[in-house]
Amino acid sequence: SRCQPNQRILVLEDSAELKIHNTHVVYFEARPADEYGKGLVTLRDLVKSSLRLRPDRVIVGEVRGGEAMDLISSMNTGHSGSMGTVHSNNPKECLTRLETLAMMTESDVPIQAVRSQVASAINVVLQLSRMQDGSRKVTHISEGLGMDLNGNYQVQDIYLFEQTGRDKDGKVLGSLNPTGNIPSFMKEIEVNQLPF
């Protein structure tokens, strides 16, 4: 589905790969230093600078360093439609990985503060997994529910992929099925008449 046409979307990547089909999209690409060590523009620089351009959404192609902290901060300060890609094995591990990446910054932010920011920023995790046949499928659509009393991330699966078998060519068969868990943001979906 598309974002509203009037929304300004900024796409930030190490190397340009994403193509977003919307009316107002601006692409930025990181740049290595030249032979004299000048002109370096990191993904973290792009995330920080992008917030000055009044984006409605910030999309980071792949979060793998200190830019995680800046993306999480932007999600918590009015850019809640933002997203990024993170490598992890499951939705709960995704939050832990974001926490680890955010801790790669030079700042001395306490781990509990970082954990609290991650828990508050991430509403939904879509997990893509590589299947035995080499295909990639969405295996989880999960909601981040903040932290429990012990400071651990809470995640609720809304949809899970269920493999039903393989076809004659070995292709994995299955479907993404609802778990019965109703997301806490269901009223927002209904009020905005979003298809669900």
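Leaving aside neighbours within four places in sequence, Arg64 is in contact (heavy atoms within 4.5 Å) with Asp14, Leu101 and Met104. The model is a predicted one, in which local features need pLDDT of at least 70 and side-chain atom pairs count only at pLDDT 80 or more, while totals for chains, interfaces and linings use all residues. Residues are numbered from 1 along each chain as its sequence is written, and side-chain values use heavy atoms, with hydrogens and water left out.

The side chains of Arg64 and Asp14 are joined by a polar contact of 2.6 Å. Such a contact is a pair of N or O atoms within 3.5 Å; within protein, one must be able to donate a hydrogen and the other to accept it, and residues adjacent in sequence count only if both atoms are side-chain atoms. Arg64 is partly exposed, with a relative accessible area of 42%; buried means under 20%, exposed over 50%, and partly exposed in between, for a 1.4 Å probe and protein chains only. Arg64 belongs to the loop between E3 and H2, and its C-alpha lies 9.1 Å from that of Ala102, although the two are 38 residues apart in sequence. Helices (H or I, at least four residues) and strands (E, at least two) are DSSP runs, numbered from the N terminus.

Turning to the sheet, four strands form an open arrangement in the order E2-E1-E3-E4, with parallel pairing. E2 and E4 (83-84) are the edge strands, each pairing on one side only; two strands pair if DSSP finds at least two bridges between them. Five bridges join E1 to E2 (residues 25-29), and in E2 the bridge partner of Ile9 is Val25. On E3 (residues 57-60), four bridges connect to E1, with Leu10 opposite Val58.

Strand E1 (residues 9-13) is largely enclosed by the rest of the structure, because five of its five residues are buried. Ile9, Val11 and Glu13 cover one side and Leu10 and Leu12 the other, and all of these are buried. Leu12 is also one of the residues that touch the most other members of the largest nonpolar core, together with Val60, Val63, Leu98, Val118 and Ile122. This core has 27 residues, a nonpolar core being a set of buried Ala, Val, Leu, Ile, Met, Phe, Trp, Tyr and Cys residues joined through side-chain atoms within 4.5 Å. Two or more of its residues come from each of E1, H1 (43-50), E3, H2 (67-75), H3 (91-102) and H4 (111-121). Beyond four places in sequence, the contacts of Leu12 include Phe28, Leu43, Leu46, Val47 and Val60.

Helix H2 is mostly covered, with eight of its nine residues buried.

As for rings, Lys19 lies over the face of Tyr27, at 5.3 Å from the ring centre; the criterion is NZ of Lys or CZ of Arg within 6 Å of the ring centre and within 35 degrees of the ring normal.

For the protein overall, there are five helices and eight strands, following the pattern β-β-α-β-α-β-α-α-β-β-β-β-α along the sequence. Buried residues make up 36% of the 196 residues. Of the contacts with a separation of 6 or more, 43% are between residues 24 or more positions apart.
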